[in-house]
Amino acid sequence: RAHTSACTELFHKKNFYLQFDPRGGIMGSRRVVSIIFDLDNTLIDTAGAGRIAIQKVSELLKSADVQERHVGAICECFLQKLLNESFDPLHGKTIDDVRIQHWCEALQEPQGADPNAALASKCYYTWKNTRLEALTMTSEVRALLEELQKNYKLVLLTNGDTQTQREKIEAVKCEGLFSVVVVGGDHPEQKPALSIFTHCFESAGVQPYDCIMVGDSLSTDIKGGINAGVRATVWINSEGTSLPRGSVIPDYTVPTVLKLNEVLAQLK
């Protein structure tokens with residue numbers, strides 16, 4: 001093969017990169033330098049905290065004389081609005097305003113009742129505060145990050161509006177475990193967009209192939225990592241579900257982030 005450039009050529013295989021000298025021959029493998037972590041349901045159990053919060057709101061609604069047969073529908077209606085939420089801070093509303101409105105509409109729709117702004121506000125702050133109080137980073141996950149911090153640049157990359165995600169980060173007191181913290185709401189695009197991954201790479205002073213991406217979402221974490229050209233993607237599949245048809249395929253699948261060292265051992 002003719003070598004017409006002095007540039008180093010990278011040969012990418014599924015689980016490793018081999019670096020080639022342009023004059024011929026393998027120079028050696030390049031180790032992982034940085035680990036990019038998702039936050040929600042990867043490092044902290046946001047879904048579990050959310051269930052606790054909804055139970056608390058259910059109790060509030062019953063104490064407010066809402067008919068018990070409507071309580072479940074009201075809470076489910078709020079969760080659907082949360083799932084389909086679109087929030088733009090440029091419109092002059094805070095995320096608190098938007099979610100109080102979710103509860104106001106949720107109270108109206110199943111019952112056909114008149115708006116009850118006071119109860120909606122109470123539901124929202126009960127849900128929000130209970131969820132934040134229930135959020136925790138387990139001692140095992142914290143210990144893992146503290147150990148990884150000694151050998152890798154750790155990056156936290158989380159989607160969501162700035163206020164909500166910053167409140168979660170503060171609640172679990174994890175910011176000091178990361179070299180870089182990137183919140184999607186601070187940027188024009190969120191995962192899986194290439195731009196926010198590029199921002200992570202630049203902020204950490206690394207190249208895409210220096211990194212692995214760890215997260216629970218196939219559509220944002222894994223797809224984004226693959227499109228950004230990271231060395232490997234690690235899917236946290238806590239439910240043990242099968243890959244959906246047509247899904248992106250992660251390089252590794254583990255049931256919990258606590259199994260990450262097993263992946264890193266294979267990447268050395």
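Which residues line the largest cavity? They are Arg-99, Tyr-124, Trp-127, Lys-128, Arg-131, Leu-132, Thr-164 and Glu-167. The model is a predicted one.

**Cavity**
- Searching the whole structure turns up 1 cavity of 30 Å³ or more.
- The largest cavity holds about 50 Å³ of space.
- Helix H4 (117-134) and helix H6 (162-172) each give at least two residues to its lining.
- H4 provides the largest share, 5 residues.
- By type, the lining has 3 nonpolar, 1 polar and 4 charged residues.

**Nonpolar cores**
- The largest nonpolar core has 35 residues.
- Within this core, Ile-35, Phe-37, Leu-43, Phe-178, Ile-212 and Leu-260 touch the most other members.
- Apart from it lies another core of 22 residues, including Leu-60, Cys-77, Ala-106 and Leu-107.
- In soluble globular proteins, nonpolar side chains tend to be buried together.

**Helix H9**
- Helix H9 spans residues 260-267, and its buried residues are Leu-260, Val-263, Leu-264 and Leu-267.
- Viewed down the axis of H9, these buried residues fall within an arc of 100°, so they line one face of the helix.
- Their cover includes H5 and the strands S4 (34-37), S7 (211-215), S8 (232-236) and S9 (252-254).
- Setting aside neighbours within four places in sequence, Leu-260 contacts Ile-35, Phe-37, Leu-148, Ile-212, Val-214 and Val-234.

**Ala-143**
- Ala-143 sits in helix H5 (residues 139-148).
- Ala-143 has a relative accessible area of 42%, so it is partly exposed.
- Ala-143 and Leu-258 are 115 residues apart along the chain, with 9.7 Å between their C-alpha atoms.

Terms used. Residues numbered from 1 in each chain as written. Predicted model: local features only at pLDDT ≥ 70, side-chain atom pairs only at ≥ 80, totals over all residues. Heavy atoms only, no water. Helix = DSSP H or I, 4+ residues; strand = E, 2+ residues; numbered from the N terminus. Buried < 20%, exposed > 50% of the residue type's maximum accessible area, 1.4 Å probe, protein only. Core = buried A, V, L, I, M, F, W, Y, C linked by side-chain atoms within 4.5 Å. Contact = heavy atoms within 4.5 Å. Arc of directions from axis to C-beta. 1 Å grid on protein atoms, 1.4 Å probe; cavity = no way out; pocket = protein on both sides within 12 Å on 5 of 7 lines; lining within 4 Å. Points joined across faces, edges and corners; volume = space filled by probe spheres on them. Nonpolar A, V, L, I, M, F, W, Y, C, P; charged D, E, K, R; others polar.
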